[in-house]
Amino acid sequence: MPLISHTPAWKSLEQHWTEIAGWRMRDLFDEDPGRSARFSLEECGIYLDYSKNLVTDETMRRLLALAQAADLSFWGDSLLRGEKVNNTEGRAVLHMALRNLGRRNYQVDGVDVMPGIRSVLSRMRAFSDDVRDGRWLGHTGQRISDIVSIGIGGSSLGPKMVCEALRPYQSADLRVHFVSNVDGAQLVQTLAVLDPATTLFVIASKTFTTQETITNAQSARAWCLDGLHDDAAIARHFVAVSTNREAVIEFGIDPHNMFEFWDWVGGRYSVWSAIGLPIALAVGMTRFEELLTGALEMDEHFVEAPPERNMPVILALLGIWYNNFGGAGTQAVIPYDQNLQYLPAYLQQVDMESNGKRVTRDGVAVDYQTGPVIWGQPGTDAQHSFFQLIHQGTRLIPTDFILPLRSHHPIDGHHDKLVANCFAQAQALMRGRTEAEARAELEAANIPPETIDKLVPHRTFPGNRPSNMLLIEQLTPRVLGALIALYEHKVFVQGVIWGVDSFDQWGVELGKQLAAHILADFRETACSPGVDSSTATLIRRYHMAMSEE
């Protein structure tokens, strides 16, 4: 298949950007009072206003033609049919099946996957209910007070993000902690305030061989035994989310307390599977299923809605518009909700691990940009950190604002100020401030004319900085599920258009392989043959530092 950049649809968009790049969004609003209504849609509890983008009806028509040229409908159908769309690993990609709750038929190699999914969900409910209700007791007969989830990447980021987002739904008598970094500081500092007799560990690793996860798990096991002095305690204080039964048993975990998932569940798409067990423990299985329901509703919208009214498709096309035609290499995600503080980091993995690719599915090098750099932090902190760059810097940085209209913590006056700031930032990015407006404002303040001349360039904002506003009524499990699924599908659509395999991650695997070789060199007096001089020097310096301890 030819590169998408060689298609007439792509060439048409290149020409269109040159035609409208100099237009002003504030003029588009002034000329069209109905612009906001036309460039907005509402689905699954999310209201998307994308009117503050440098687009017209003609822009959207051409972008939709690009999606058609990439055969988006074919790839969407292939995903649903359980075909091996992850072609470099020969795997189906069925994270949508995990939140299906019975509406669709999903198969892999002709086998219905839904009975297995329902079985795991049922076991998750029974186990999480037992822990939350105090029926599951630790080795000494005490009730569990703390859950420590040990994983890395998708086995940690998703559950951590969701648990923090749903913190208002958690009870104070069952706390959830996450350890992912192999840096011992994270594990030591987490365990320092915990009691082995009341702590339950969830070890999440598909193969049960992931270096960072198993290293942390072994140290946690030693900590537990140091406090409880009985190998039999492991069975009451450790459960596993894995597919490697033998390794789980060898660790000391009762195989009845192993929760299965499948190789067609990619790590960054696994929060809906048994990887989400910490979520069920934190907020209860009913609310976990509400999370699944919200994602299911977004799945149905993505599958059924026409492209021009399809929220994931619209977001994906806007991202491509700026990335490939406007030269924007990054995308900011700014949630105006403190409980969504880990959402930007979560989306970094979903997006950058999926579409950070330089060749197509066919192995052909692309001649265009693929996945953007995703970054952000909650507002209003972001306003006092990097928004200066977005407003007046030299880079074009499209921004997604995510805002709940109602707070779980309605302290008098706080939410009004939060919402006002969010709306104002989006407005300021779009409108900017002209030189004439800056001058008039300074004159109204009776600033001396010679000072005005010096200040005007600094007080002028170019505007025309694009943003999307995603409003939700309140951050609930259901709407959070829809929000996560929205971004998953956006990433998939962009991967289809760029022609890349969004579901492998060979770049991650290379670093793991080299780390294993370097770790082996730590045990030798000399480095392995072929090690470059820089790495060899770094290894020697580490040897010297360790020998001085």
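These legends describe close-up views of a predicted model.

**View A. Packing of helix α14 against helix α15**. Helix α14, which spans residues 285-304, packs with helix α15, spanning residues 311-325, at an angle of about 75°, and the axes of the two helices lie 8 Å apart. Because angles of 65 to 115 degrees count as roughly perpendicular, α14 is described as roughly perpendicular to α15. On the side of α14 the contact is made by Met298, His301 and Phe302, while α15 contributes Met311, Pro312 and Val313. Sorted by class, the residues in this contact of α14 with α15 are five nonpolar and one polar, with no charged residues.

**View B. A nonpolar patch on the surface**. Ile518, Leu519, Phe522, Tyr542 and Met546 form this patch, and together they have about 390 Å² of accessible area. Helices α22 (506-521) and α23 (533-547) each supply at least two residues of the patch, whereas Phe522 is placed in the loop between α22 and α23.

**View C. The cis peptide bond from Gly379 to Thr380**. The bond that runs from Gly379 to Thr380 is cis, with omega near 10°, and Thr380 itself is found in the loop between β11 (373-375) and α17 (387-392).

**View D. Positive phi at Cys44 and at Asp109**. Cys44, although not a glycine, has a positive phi of about 55°, and this residue lies in the loop between β1 (40-43) and β2 (46-49). Asp109, another residue other than glycine, has a positive phi near 55°, and the place of Asp109 is in the loop between β3 (107-108) and β4 (111-112).

Note on methods:
Residues are numbered from 1 along each chain as its sequence is written. This is a predicted model: local features need pLDDT of at least 70, side-chain atom pairs count only at pLDDT 80 or more; totals for chains, interfaces and linings use all residues. Side-chain values use heavy atoms; hydrogens and water are left out. Axes are lines fitted to C-alpha atoms, for helices over the stretch in contact, and angles run from 0 to 180 degrees between N-to-C directions. Helices (H or I, at least four residues) and strands (E, at least two) are DSSP runs, numbered from the N terminus. Angles under 35 degrees count as roughly parallel, over 145 as roughly antiparallel, 65 to 115 as roughly perpendicular and the rest as oblique. Contact means heavy atoms within 4.5 Å. Ala, Val, Leu, Ile, Met, Phe, Trp, Tyr, Cys and Pro count as nonpolar, Asp, Glu, Lys and Arg as charged, and the others, Gly among them, as polar. Patches are made of residues with over 30% relative accessible area and no salt bridge: like charges are joined within 9 Å, nonpolar side chains (Val, Leu, Ile, Met, Phe, Trp, Tyr) within 5 Å. Accessible areas come from the Shrake-Rupley method with a 1.4 Å probe; for residues, only the protein chains shown count as cover. A salt bridge is a side-chain nitrogen of Lys or Arg within 4 Å of a carboxyl oxygen of Asp or Glu.
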